[in-house]
Amino acid sequence: MSKQPVRGVDVENLPPAISGKRDDSGLSETEIADYLQNNVDFFERHATLLTKLKLPHSRGNATVSLVERQVSALREKNQSLESRLRELIDVARSNDVLAAKIHRLACRLVRARNATTLLDSMETSLREDFGASEWLLLLAPNRQTGFSSIDSRHLRLMDANASELKMFDTLFESARPRCGQIRDSQRDFLFGAGTVEIGSAALVPLSREAGFGLLAIGSPDAQRFHPTMSTDFLARIGDLVSEAVAVA
């Protein structure tokens, strides 16, 4: 009578119900696996088998008992879960820090009494809290605003029908921030040709209540703003700036 062995399991010690002593063909691995899966209390009824079953050790040729293998597997799973938990905690802490920075920006914008102090508040917040020295508030207002008399490298006013704005059509249509490397024409238009090295940028469209506009933040680091990063916090910054600009 032939038996089909199961890799890593000593079938000699299995009871007749699953040992293969049924017919000439024996039991397949699938049949044994199905039996054990459908009888989860099997090893409770045959506890001594746990010490007799031998499995290959994952780091060598030695064998270990099923219990030892289960303990090892649970230990590895626990380490994986602990690592994932640490990652989640780190992300949560980073989000808390970022939320605090956005809160300070919101407070500064609320205290701004006019367009000049609004722009100063943005400059302070973006420089001190977000480490952004290269940024531009591009506005195509639909009415006369207090920004008209301001001369700043961080502000540019344009007509809503200006041809240069066509290069940002997809950005305005999506109404969502975009991060990563930008086209040379966009970079030169926003930050100046040959003046500043911009490796990556975040483009944040403003709401239509403020007229056409966007907040552009540039960085010399090519990885500072990348396409896969979350833009939720940038969207919140855009909402805050949009509201502040709309009433300036």
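## Ser-200 and the sheet around it

In this predicted model, Ser-200 touches Gly-180, Ile-217, Gly-218, Ser-219, Asp-221, Ala-222, Gln-223, Arg-224 and Phe-225, leaving aside residues up to four places away in sequence. Ser-200 itself belongs to strand β6, which covers residues 200–205. Its relative accessibility is 1%, so Ser-200 counts as buried, the cut-off being under 20%. The side chain of Ser-200 also has a polar atom that lies 3.1 Å from the backbone nitrogen of Phe-225.

Strand β6 is part of an open sheet of 5 strands, ordered β4-β3-β7-β6-β5, with mixed pairing. At the edges are β4 and β5, each of which pairs on one side only. From one strand to the next, the twist averages 15°.

| Strand | Residues |
|---|---|
| β3 | 134–140 |
| β4 | 155–157 |
| β5 | 178–180 |
| β6 | 200–205 |
| β7 | 212–219 |

Strands of a sheet pair through backbone hydrogen bonds, in either a parallel or an antiparallel manner. Strands β3 and β7 run antiparallel and are joined by 7 bridges. Within this pair, Leu-138 stands opposite Leu-214 of β7.

Which strands does helix α5 lie across? Helix α5, made up of residues 115–128, lies across β3, β4 and β7. The helix runs at about 150° to β3.

Technical notes. Residues are numbered from 1 along each chain as its sequence is written. This is a predicted model: local features need pLDDT of at least 70, side-chain atom pairs count only at pLDDT 80 or more; totals for chains, interfaces and linings use all residues. Side-chain values use heavy atoms; hydrogens and water are left out. Helices (H or I, at least four residues) and strands (E, at least two) are DSSP runs, numbered from the N terminus. Buried means under 20% relative accessible area, exposed over 50%, partly exposed in between (1.4 Å probe, protein chains only). A polar contact is a pair of N or O atoms within 3.5 Å; within protein, one must be able to donate a hydrogen and the other to accept it, and residues adjacent in sequence count only if both atoms are side-chain atoms. Contact means heavy atoms within 4.5 Å. Two strands pair if DSSP finds at least two bridges between them. Axes are lines fitted to C-alpha atoms, for helices over the stretch in contact, and angles run from 0 to 180 degrees between N-to-C directions.
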